[in-house]
Amino acid sequence: MQLTNKIKTALFFTALKQRNSYHSVEENLMKQTIKQLLEKPTTFKKPGMLLGEVQSGKTRAFIGVMGLAYDNGIDVVILLTKNSNALARQTKQRLESEFEESITHDKLAIYDITAMPQQLVKYELAKKLALVVKKEKNNLQRLDTLLFEHYPELSKKRILVIDDEADYASVSYEQNREKNRVELRVIANQIDEIRGKISQLFYLQVTATPYSLYLQPDDEVTAGFNGYQPKRPAFTTILPTHDKYVGGELYFEKAKEKNHLASYLYHEITTAEIEIFKKSDKRRVKIDFLLTGERYQGIRSALINFIVGGKLRNLQQQEQQHYPEKYAFLMHTMTTKAAHQWQADIVKNLAKQLTIAMTEKPELFEALILQAYTDLERSLEKKLPFQLFQQC
C-alpha cells in the first residue's frame, strides 16, 4: 500500500473520535499534522513539530495523530517518553485505554520495550504496533536490538517516531569545558543512530518548550569524533488553547497587571529561600521555626494556601451536592533526587508542625489559616464566611 497525500479517516481515527468527541479545531490540527508528515520529508535533521502549551492537550492531540497515521499507511509508532518509569507505565495505560476497540479486534498491539516478547509470530507482527520507549540508554539499546536483530522486518516497515517532551533528552547538548566543544549526550546519539537506519521513517516531536529546537544551526556541526546533527523542525503545528486555559501567560504576564486575577495568584519566592531547598542542611532549617521563621515564608504560605484552598473547593462542591475531589501539592524547584528528598522532608515536617499547632498552639494555627484564607479570598467570586470555614 502506497502512502498518499489524501488523508483518510478509517477504523483507528473513527474509533478515537467517537470516544473523545474531538471538536473541529482539534481534528483539523491532527489532520494538518499527519498531512505535513506525509508530504514533507521529516528526518533526524528535520523533524515535524507539534507545539502546545503545558497541559493544553498535547497527549490527546498526538494520540489522534497516531490514529490517523495508522489509517494512512503507518505500520509502527515508536513513542519516546521522558526518563520516568511511572510516566512510561501511564503512557502505555493511556494508549491501551484510547485504542481499546482496535486492540480488542486484533488490529493493534501495544508494548513497553522493556517487556517486548521475543517470539512474536507472523500474525502478531502483521498488526499495527505501538512501542513505548522510555528515553534511557538501555531502553534505546533494546529498541535497536528489536528493530535490527530480533525482528529486522519491522525496521523495513513505515515507522512514525513520536518524541514526547522532545527537548528534555532527545535534543540536548552539554558544554565540555576541558575540550571546549559541544557534545550530544548518549541518549541523543542513540536516537540519531536508530533513526538513521530506518528507511521509511516519519518523525514528530512534541513539546511545550521548543526553544533549543528552533535556535539550532542549519548546517552540520562537527565536534571531534562526534557529529552534531541539527534538528530544526521541518514544519510546526500549534495546538490551540481553550478560553479557560491557565498557563504561563497568566502567571508571568497577567500577574504584573494590577487588580487582575493573576496578580493575586502569583507569589514570588526569594532567592535566599530557594537556596535552602537545594541540599540538605539542618543547620539552616530549624524544624521548630517552620511555622514562624521568616526564611520559610514562601514554602509555608504555599502549603497552607494549598490546604485551605483544597478545603474551600470541597466546601463549594458540598454546597453543589457534588462528591469532594482530591488534590495534590506539587513542588518543583530542582531536578536532582537529593534535592527532591530534602524538599519532601521539609514539607512533611512543616505539615507535622501544623498538625501539632492545631492542639498545642491554636492561636498560631488560626492566624496562619486566616492569613491563607484572606489571601485566597481576594480571588474568589463567591466568598465563604471565615466563621463557616472554621466550623469545618
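**Before you start**

The model is predicted, so local features need pLDDT of at least 70, side-chain atom pairs count only at pLDDT 80 or more, and totals for chains, interfaces and linings use all residues. Residues are numbered from 1 along each chain as its sequence is written, and side-chain values use heavy atoms, with hydrogens and water left out.

**Stop 1: the whole protein**

Show the cartoon. There are 18 helices and 11 strands. These are DSSP runs numbered from the N terminus: helices are H or I with at least four residues, strands are E with at least two. Of the 392 residues, 43% are buried. Buried means under 20% relative accessible area, exposed means over 50%, and partly exposed lies in between (1.4 Å probe, protein chains only).

Areas come from the Shrake-Rupley method with a 1.4 Å probe; for residues, only the protein chains shown count as cover. Among contacts between residues at least 6 apart in sequence, 71% join residues at least 24 apart. A contact means heavy atoms within 4.5 Å.

**Stop 2: aromatic pairs**

Select F12 and Y70. Both are buried. Rings of Phe, Tyr and Trp (its six-membered ring) pair if their centres lie within 6.5 Å; planes under 30 degrees apart count as stacked, over 60 as edge-to-face and the rest as tilted. The count by this rule is 4 aromatic pairs. The ring centres of F12 and Y70 are 5.1 Å apart with the planes at 45 degrees, so this pair is tilted. F12 is in helix α1 (residues 11-20) and Y70 in helix α3 (residues 58-71), so the pair links parts of the chain 58 residues apart.

Next, select F13 and Y22. This aromatic pair is stacked, at 5.6 Å centre to centre and 25 degrees between the planes. Both F13 and Y22 are buried.

**Stop 3: a charge over a ring**

Go to R195 and Y203. R195 lies over the face of Y203, 4.3 Å from the ring centre. The rule asks for NZ of Lys or CZ of Arg within 6 Å of the ring centre and within 35 degrees of the ring normal.

**Stop 4: salt bridges**

A salt bridge is a side-chain nitrogen of Lys or Arg within 4 Å of a carboxyl oxygen of Asp or Glu. The count by this rule is 17. Start with D75 and R158, whose closest N and O atoms are 3.5 Å apart. D75 sits in the loop between α3 and β2 (76-81), and R158 in the loop between α8 (152-155) and β5 (159-164), so the bridge ties together parts 83 residues apart in sequence. D75 and R158 are both buried.

Move to K127 and D106, another salt bridge with closest N and O atoms 3.5 Å apart. K127 is in the loop between α6 (122-125) and β4 (128-134), while D106 is in the loop between α5 and β3, 21 residues apart. K127 is buried at 17% relative accessibility, whereas D106 is partly exposed at 38%. Check the backbone of D106 too: its phi is near 60 degrees, a positive value in a residue other than glycine. Most residues other than glycine have a negative phi.

Then pick D375 and R378, bridged with closest N and O atoms 2.7 Å apart. D375 is buried at 17%, and R378 is partly exposed at 43%.

**Stop 5: the nonpolar patch**

Select V246, Y251, F252, L261, L265 and Y266. Together they form a nonpolar surface patch with about 550 Å² of accessible area. Helices α12 (248-252) and α13 (261-265) each give two or more residues to the patch. Patches take residues with over 30% relative accessible area and no salt bridge; like charges are joined within 9 Å, nonpolar side chains (Val, Leu, Ile, Met, Phe, Trp, Tyr) within 5 Å.

Zoom in on L265, in helix α13. L265 is partly exposed at 35% relative accessibility. Leaving aside neighbours within four places in sequence, L265 is in contact with L250, Y251 and S379.

**Stop 6: Q343**

Finish in helix α16, at Q343. Q343 is buried, with a relative accessible area of 3%. Not counting residues up to four places away in sequence, Q343 touches F277, M331, T333 and M334.
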